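I'm jotting down what I looked up, residue by residue and then for the whole chain.

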Amino acid sequence: MSIAPIKFVDRGSGDEGVVLVRVLEDSVGLALSLRKNGDIEVVFGSEELDQVIVALQTARRTLLTHEG
């Protein structure tokens with residue numbers, strides 16, 4: 001099962017990018033793709049997924065304090 005892609009512009013390079021999330025039987029695939037600079041996909045389990053979610057939530061809270 002694939003989750004809706006998230007399109008973005010990379011703030012470092014200006015390149016168009018997309019984040020893809022897909023659910024496999026017992027793991028999750030996370031792909032990052034830049035139009036001009038290639039793709040990478042990592043596949044991990046639920047424990048690592050929880051860690052990624054916590055890290056992203058922490059990053060979001062940090063940005064909120066700077067957006068203020």
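I started with Val23, which sits in strand S2; strands here are DSSP runs of E with at least two residues, helices are runs of H or I with at least four residues, and both are numbered from the N terminus. The model is a predicted one, where local features need pLDDT of at least 70, side-chain atom pairs count only at pLDDT 80 or more, and totals for chains, interfaces and linings use all residues. Residues are numbered from 1 along each chain as its sequence is written, and side-chain values use heavy atoms, with hydrogens and water left out.

The cut-offs I use are under 20% for buried, over 50% for exposed and partly exposed in between, with a 1.4 Å probe and protein chains only. Not counting residues up to four places away in sequence, Val23 touches Met1 and Ile3; contact means heavy atoms within 4.5 Å. I also checked Val23 against Ala59: they are 36 residues apart along the chain, and their C-alpha atoms are separated by 23 Å.

Next stop, Ser27. I find Ser27 in the loop between S2 and S3, and Ser27 is buried, with a relative accessible area of 14%. Which residues does Ser27 touch, not counting those up to four places away in sequence? My list reads Arg22, Val43, Phe44 and Gly45.

Ser46 went into the notebook as another serine to look up. Ser46 is in helix H1 and exposed, its relative accessible area being 54%.

Then the aspartates. Asp39 belongs to strand S4, residues 38-44, and comes out exposed at a relative accessible area of 63%. Leaving aside neighbours within four places in sequence, Asp39 is in contact with Leu32, Ser33 and Leu34. Val18 is 21 residues from Asp39 along the chain, and their C-alpha atoms are 9.5 Å apart.

Asp10 I found in the loop between strand S1 (2-9) and S2. Asp10 is partly exposed, with a relative accessible area of 24%. Apart from neighbours within four places in sequence, the contacts of Asp10 are Asp15 and Leu34. Asp10 and Val21 are eleven residues apart in sequence, yet I read 18 Å between their C-alpha atoms.

On to pockets. The largest pocket holds about 310 Å³ of space. For my own record, a pocket is an open set of points on a 1 Å grid over the protein atoms alone, where a 1.4 Å probe fits and protein lies on both sides within 12 Å along at least five of seven lines; lining residues have an atom within 4 Å of a point. The volume is the space filled by probe spheres set on the points, which are joined across faces, edges and corners.

How many residues line the largest pocket? I count 13, with Val19, Leu30, Val52, Leu56 and Ala59 nearest its centre. Two or more lining residues come from each of strand S2 (16-23), strand S3 (28-34) and helix H1 (46-67). H1 gives the most, seven residues. By type, the lining has twelve nonpolar residues, no polar ones and one charged; Ala, Val, Leu, Ile, Met, Phe, Trp, Tyr, Cys and Pro count as nonpolar, Asp, Glu, Lys and Arg as charged, and the others, Gly among them, as polar.

Last, the whole chain. I find one helix and four strands, running β-β-β-β-α from the N terminus. The radius of gyration is 14 Å, whereas a compact globule of 68 residues would be near 11 Å; the radius is taken over C-alpha atoms, and the globule rule is 2.2 Å times the number of residues to the power 0.38. The C-alpha box along the principal axes is roughly 40 × 30 × 15 Å. Buried residues make up 18% of the 68. Of the contacts between residues at least 6 apart in sequence, 3% join residues at least 24 apart.
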